[in-house]
Amino acid sequence: MSTLKDIQEKFQQSILNQDETVLEEIVDTSKEERDVLLGVYQHAYGARLIEFLENDYPHTYNYLGDEIFQTLSKDYYEAHPSDDPNARWFGRHFPEFLSRHDELHSNPEVGELAHLEYALGLAFDAPDLPSLTLNAFRQYRPEDWPSMTFKAHPSTSRLSLQTNAFEIWTSLHKGQDVVTSKSNAMITELICWRGENMARFRPMSYDEAMIWDEAQKGANFSQLCEMLGTYWPSEEAPLKAAGYLQAWVNSEFLVA
Amino acid sequence: MSDLKTSRPPFIGFGLGLRSEHYSEILEGDPPIDWFEVVSENFMVPGGRPLQILNQIKERYPVVMHGVSMSIASTQPLDMDYLTNLKRLAKHVQPKWISDHLCWTGVHGVNLHDLLPFPYTNEALDHIVERVNKVQDFLDHPLALENVSSYVSFKQSELSEWEFISELTKRTGCWLLLDVNNVFVSSFNHEFDALEFINGIPEDRVVQFHMAGHSDHETYIVDTHDAPVRDEVWELYKACQKRFGPVSTIIERDDNIPPLSELLPEIEKIRTIAAEIHPSLATEAA
């Protein structure tokens, strides 16, 4: 006699792999055969997971269209069955999966579009740590500035895009005609964060992106100024760094 | 067990399952809704707007936490990380009770995100009793379990669903969230009398009803929660309020979610029917 454990394993296999061994454990009703009834669960599984992805990646869904999105989603959930009790995290590998998918080799903008949407999702419900305010920032003495380091708010994430996925995202977001995909001549640097309760993006110049990334690796203000010296005359670098820093504080990029 | 776990949760009236589509209508208006049931997992996130909304809701209304991932009937070990997060959220929300489903959601670390059926055997009963006791001890809040809609029955079942549920409550002291629509759906799918189910459940254990709609596929019914409550389910609701009531009730809509104004008449209807059966409710409201 099958144990509860046996039955659950067989039932799960019927959903994940269409292995219908579990049918031997199930009864027909007078109105319907057991394989049709089991099919309710088999169908609901895929439909539900695709719906999770549609909700988390609405612009990727619109960009690809229903049929292609469903096919790619099926590939995804077969490769990455959900392993988290919270559906919120089921799609966390989807952007990388799309970026590596053979069928999308000529469409790298798709993976980047999904990366953008994932970053927005992370910003939306990131931890509520207090941001560094301008007033708090002004309390630092000038002699402390050179050694100051800066910690990113957990809602922030950086993206470096090799395609025009940001333009595609913007056109989809505004409900405009979707722009044609293309590779960027130069990388588009973006930062995503939550400001005033909204998940947001903005482009970063190369020098700003560079010092942001270095600051997150632990570089202090003095080192950031030195790095900016590769872009700007050395006498302008500290002013430039202070300007970026002020913008980061104003936008709530940094934690207190 | 402490008093908090064993004392009967209070009657809190007639409410709605909280959905993001209604946030602004609820917080900017003053809809005649007594309480909200929130899906626990939607708020088991690090921070941001979901938790801010929940804070505003809990300041104004009683809240009950309703989960979908406890997987109490699974044969894989209890997910203590999940339960720890659930307990943390409960400490913050202070719900009137915590509920989840009498089902399993996966084994071997996989979550199928569905409310899956199992055979009603004594083996399953022993297994689930042990897990319910552990969860109740851990959560330190009243735990209510919900009957799910199911589409298959197992050859091995030794008990009816209502016999299984009754034994479970006797052996664990857990409370019940009776989904009236699910009773109807399962009674059609498994060809039993819904009233026999209802009359087989202990009168004193039910602390909440769910009311919802479903989809009819002729030879079986699917619990879609995407439509208004059907007439047959309203009839069952009357029988339930008579047997168990007055019992706190919500309208639960999970898909095809209309504006709040379209759900308010259903909330009014669950209130009116209960008041007709239990006139003291109408007196209290007056």
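**Helix packing and chain contacts**

In H2(A), the residues A:Gly46, A:Leu49, A:Ile50 and A:Leu53 meet A:Gln70, A:Ser73, A:Lys74 and A:Tyr77 of H4(A). Contact here is C-beta atoms, placed from the backbone, within 7 Å. Helices (H or I, at least four residues) and strands (E, at least two) are DSSP runs, numbered from the N terminus.

This is a predicted model: local features need pLDDT of at least 70 and side-chain atom pairs pLDDT 80 or more, while totals for chains, interfaces and linings use all residues. Residues are numbered from 1 along each chain as its sequence is written, and chains are lettered from A and ligands numbered from 1 in the order in which they are written.

Back to the pair. H2(A) and H4(A), residues 66-79, pack at an angle of about 110°, with axes 10 Å apart. Axes are lines fitted to C-alpha atoms, for helices over the stretch in contact, and angles run from 0 to 180 degrees between N-to-C directions. That makes H2(A) roughly perpendicular to H4(A), the term covering 65 to 115 degrees.

Now the two chains. 42 residues of chain A are in contact with 41 residues of chain B. On the chain A side, H1 (4-17) and H2 (34-56) each supply at least two residues. H2(A) gives the largest share, nine residues.

Last, chain B. Which residues of H9(B) are buried? They are B:Val233, B:Leu236, B:Tyr237, B:Cys240, B:Gln241 and B:Phe244, buried meaning 20 or more other C-beta atoms within 10 Å of the residue's own, with C-beta atoms placed from the backbone.

Key: Contact = placed C-beta atoms within 7 Å. Buried ≥ 20, exposed ≤ 12 C-beta atoms within 10 Å, placed from the backbone. Parallel < 35°, antiparallel > 145°, perpendicular 65-115°, else oblique.
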